[in-house]
Amino acid sequence: MLYVEESPSTAVVHDDSANLRTVSQAEAEAVQALLFSDTRDRVMMPMARRSSHPYIETRKAPVSEDLVKRVVYTYLMDPATKQNAHTSRTHGLKLDLLFILDLTGSQQPYIDSVKSSINSICAEILASDHVNSAQPGDLRVAFIGFRDHPPQEDSFVTREWDFVSDITRIHANLRSLPGADGGGDGPEAVTAALARALTMRWRNDCNRVAVLISDAPPHGIGSQGDYWPYGVPGVPDPLDLAREMLQKKITLHFVACEPSLSRFHNALDFYRGLTRITAGIVVPLLDARVMSTCIIGSALESLAIQDLINEYRETLKELVSSRDPSLVVKYLHALMRVRGRTADQLIMENIYAMSDDRKENVEIWSSARSLADAKARLESYY
């Protein structure tokens, strides 16, 4: 599994940029100046506290190096992106948006937040530059709810409400969601829900985004109190499911309901590795009232990635043919800054401490063949 890792801060791209047909000489010189200055920006960064809760918003901002990293990763890992499927940014994009909701006992505030904000979520996505459409069919919404497997939970494992575009039907589906209840040992039927996501009726001609919302890990990753410490028998490996999502061009984002999620051993690093496979992100959520911001921001970032690939496809083709991916990221990021390129991004305060060990953990989870392989590598590493 390829992922575009950060190159050392001293690494500078040295190019004969005249060989790039899509970059002018003036732009090439400005790019080189930026690369030598090694100036950086990040979407997720420590920020001054404005309230008792971490700062988070969705807005247009200069394209961050983190977003460029996901652009390059998506381009390299999905051959279909190289086929110029969307010829122009002005044509607008379509989106299938799947909510994967934890319906166990602790989740009612988050379920209520999705219900109360669904109108604004749909309206903001449809009005964005990426979609720019008054046609409801350009955005479809579906839901999967999950609890746990028996004997830990006897009501249901997963339930699903397939894609619809009419806002009245979306509201009807939300009203039919069961209330938060049940759950047993801590880990929940996350993997079963991911497997169900792959069988939903996704369209072929649109962008596909799944947003998983939970405060619990799946079974089998080594979290404490797990009734199935090696995974639920007969349920696929979640790492395999993420790779299948990548093949089907489904971007998986995870909204981590904190502080509960971080109390589980391995959970945060696992989810970071899992979403990384699909070029998704983990969004920390400490306040259910900003749920809509998390969902809108993660969806718009996925659309921004597709737009940037469409716009810079020829430059990407030139760059990746002879350069290490980490250097492609640096060059493309500098080029976008020279051109003043902005994009819708989720700007958030980083509440997580990322040590070198934790970075290694994430790398292990994202590159492991299976949960068993990941746990063995983690045990060997420590």
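Does His149 count as buried or exposed, and at what relative accessibility? At 10% relative accessibility, His149 counts as buried; that label means under 20% relative accessible area, while exposed means over 50% and partly exposed is in between (1.4 Å probe, protein chains only). You'll find His149 in the loop between strand 4 and strand 5. Leaving out residues up to four places away in sequence, His149 touches Val157, Ala189, Ala192, His219, Trp228, Val232 and Val235, where contact means heavy atoms within 4.5 Å.

A word on what you're looking at: this is a predicted model, so local features need pLDDT of at least 70 and side-chain atom pairs count only at pLDDT 80 or more, while totals for chains, interfaces and linings use all residues. Residues are numbered from 1 along each chain as its sequence is written, and side-chain values use heavy atoms, with hydrogens and water left out.

Now the whole chain. The protein chain has eleven helices and nine strands; these are DSSP runs numbered from the N terminus, with helices being H or I of at least four residues and strands E of at least two. Of its 382 residues, 56% count as buried. Take the contacts between residues at least 6 apart in sequence, and 82% of them join residues at least 24 apart. The accessible surface comes to about 15700 Å², with 49% belonging to carbon and sulfur atoms (Shrake-Rupley method, 1.4 Å probe; for residues, only the protein chains shown count as cover).

As for confidence, pLDDT is the predictor's own score for each residue, from 0 to 100. The chain's mean is 86, and 85% of its residues reach 70 or more.

Two stretches deserve a mention. Over residues 8-14 pLDDT stays under 50, and the model has 13 contacts there beyond four places in sequence. Residues 84-91 also stay under 50, with nine such contacts.

Finally, helix 4. Across residues 167-175, the buried ones are Ile170, Asn173 and Leu174. They sit on the same side of helix 4 because they cover an arc of only 100 degrees around the axis, taken from the directions from the helix axis to the C-beta atoms. These buried residues pack against helix 3 (108-127), strand 4 (139-146) and strand 5 (158-164). The face turned away from the buried side carries exposed Thr168, Arg169 and Arg175. At the start of helix 4, a side-chain oxygen of Asp166 reaches to within 3.0 Å of the backbone nitrogen of Thr168; a polar contact is a pair of N or O atoms within 3.5 Å, and within protein one must be able to donate a hydrogen and the other to accept it, with residues adjacent in sequence counting only if both atoms are side-chain atoms.
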